[in-house]
Structure formats: C-alpha cells, structure tokens
Amino acid sequence: PAAGAAARRGGHSTPAGRRLERNQREQKRSNQISSQIDSLRRTLAGAGVSVKASKSSILEGTAAYIKVLERKHAALEAERKRMLAEMTVLLQRAPARPRAATRLAATPPELSYAAETRGETNLEEITEASFVGQYELEEREDADSAKTLMYLKPDGKVALGATDGVPPVASAGRWEYDGKELIVELTRTFEDVKASFATTRVLVGDVILLNDTPPQVQGAIKLTPSPTSDDLLRIPRHTLPTDAVGYFVAVKIPEVPI
C-alpha cells in the first residue's frame, strides 16, 4: 500500500499532476481552435476576402462573408421565383398544345443527332426572320444545367431575361443564321466578393426544328470564338464536335397578342 501511495503521489492524483493535466487539455483545445481559425482564414483567402491575421479579424470576416452568401442566396431564390412566375404567365397565355410536345429534351443530344435529324426539316422554308422571338434556353455543361429566357431581336442582338442559374450583373449577345446553322454568341458578366469576370459561350444550333411543336433549336455549346476567324463582323465558325463543352436546347415561346 505504501508503494502504491507513492506511485499516486508521482502521477496526476497530486495537485501538481492534476494541474499539468488541465494545462495539457487546455493546450489541446487551444491548438484545435487555432487550427480551425486558420482553416477559416484560408477559406476566406480562397474566396478573395482579405482579413488581418488576428483571430477576431478572421471571425469578423467570416461572419461578414456568411452574410454576403446569404444575400446571394436570397437573390438567386428571388430570381428563381420571378422566372417561375413569368413562365407561368406565359404558359397560361399560350395556346393549348399536347402535353408531350411541350417537354424539353431529357438528355443532351447525341453527337449523331445532326445527321439523323437534318433531313427531317425543310430548311428552305426557314429564314433569319423565322428565329426572331423569345426562347426558353436550356444549357448543359458537364453536370451543370440552367434555363434562361432569351430574346433574339430583329437587329441581330440578344437579350437575356430571368434564369434559374447564377444571375449575371450584365449580359450581351448577337446572333445570325447562315442558311444551315443558328449561331448565338453570349457574353455574361458576373461578380463575386473580389472582382468581376466575364464568360463567352457560342451556341451552334445545327438542328433546326422551327416547324415542330414546340419550335426549337438544338446544338453544341462552344467555349470561345475561333481564333482562325478574320471576319470581325460575323460570328466565328467552329468545328464539331471536338471543341464542344456542352449542349443546348432553345424552345421558342409563341407570341401572344396583348
């Protein structure tokens, strides 16, 4: 018994031992907190948020960034609801049509779709004026997809409306029909907490189904204009399918007199 008591006196059962144990636990907790705060600092830096190295500054920056994300989420949700309301009004005003005919393509078009479908459409009856109007544009790149209201204007310009994707702060576009393909070039500008950036997509629609119900155009999405083009007045041409980054379906919304 005396030997056991002596062993306990040398362990954490003594006041000094318990104090050492508490200090070790506190040091472990402090290291864990420091590691988590450093992780927050790296996350903020990756999002373009600059903060001082102090813990309080990092926590304040994190709280501010969460509020920014909350505002962005609220804006996206508002855009989604606005688009749904607008589409509901358009559908209510549009003439009734068979239910199956109003469905968008469930999957991206196969690479062989152009050869299989081109002969089914009489392109001689389609002119550039046939494309003027409003469309529901569905874009698919990898696992991402978004639907956007798009208006092809008579002057060759493009206007974008509500979207269920990330809303741009600005957008511009142009379009043309060369007798075989509808070419639409879209540039969108986005903003984050650090800076703004722009993306350009070129939609090459080589499946023209404007005589179908509903009228639609299908094709590939290209990332950038072709560097070989020397005609700045026309949208650059592309080669299918090697530089395709996605596919699109644009369904034309019928005009309803107001």
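These legends describe close-up views of one predicted protein model. Residues are numbered from 1 along each chain as its sequence is written, and side-chain values use heavy atoms, leaving out hydrogens and water. Because the model is predicted, local features need pLDDT of at least 70 and side-chain atom pairs count only at pLDDT 80 or more, while totals for chains, interfaces and linings use all residues.

View 1. Helices (H or I, at least four residues) and strands (E, at least two) are DSSP runs, numbered from the N terminus. Along the sequence, the pattern reads α-α-α-α-β-β-β-β-β-β-β-β. The chain has 258 residues, and 33% of them are buried. Buried means under 20% relative accessible area, exposed over 50%, partly exposed in between (1.4 Å probe, protein chains only). Take the contacts (heavy atoms within 4.5 Å) with a separation of 6 or more: 51% of them link residues 24 or more positions apart.

**View 2. Strand β1 pairs with β2 and with β8.** Two strands pair if DSSP finds at least two bridges between them. β1 (133-141) and β2 (144-152) run antiparallel, joined by nine bridges. G133 has L152 of β2 as its bridge partner. The two strands form a hairpin with two residues between them. In that turn, D142 has a positive phi of about 55°. β1 also pairs with β8 (244-253), again in the antiparallel sense, over seven bridges. Here Y135 stands opposite K252 of β8.

**View 3. The largest nonpolar core has 20 residues.** A nonpolar core is a set of buried Ala, Val, Leu, Ile, Met, Phe, Trp, Tyr and Cys residues joined through side-chain atoms within 4.5 Å. F131, M150, L152, W175, L182 and V184 have the most contacts inside this largest core. β1, β2, β4, β5, β6, β7 and β8 each supply at least two of its residues. The largest share, three residues, comes from β5. A second, separate core has six residues, including L44, A47, I58 and Y65.

**View 4. V184 touches residues from other parts of the sequence.** Its partners are M150, L152, V158, R174, W175, R201, V202 and L203. Residues up to four places away in sequence are not counted.

**View 5. I126 is buried in a loop.** The loop runs between α4 (113-117) and β1. The relative accessible area of I126 is 6%, so this residue counts as buried. I126 and I208 are 82 residues apart in sequence, yet 8.8 Å apart in space, C-alpha to C-alpha.

**View 6. V251 is a buried residue in strand β8.** Its relative accessible area is 9%. V251 and Q216 are 35 residues apart in sequence and 4.3 Å apart in space, C-alpha to C-alpha.

**View 7. The largest pocket holds about 730 Å³ of space.** On a 1 Å grid over the protein atoms alone, a pocket is an open set of points where a 1.4 Å probe fits, with protein on both sides within 12 Å along at least five of seven lines. Lining residues have an atom within 4 Å of a point. The volume is the space filled by probe spheres set on the points, which are joined across faces, edges and corners. Of the 29 lining residues, G165, V166, P167, R188 and F190 are the closest to the centre of the pocket. α3 (55-93), β1, β2, β3 (158-163), β5 and β6 each supply at least two residues of the lining. α3 gives the most, with five.
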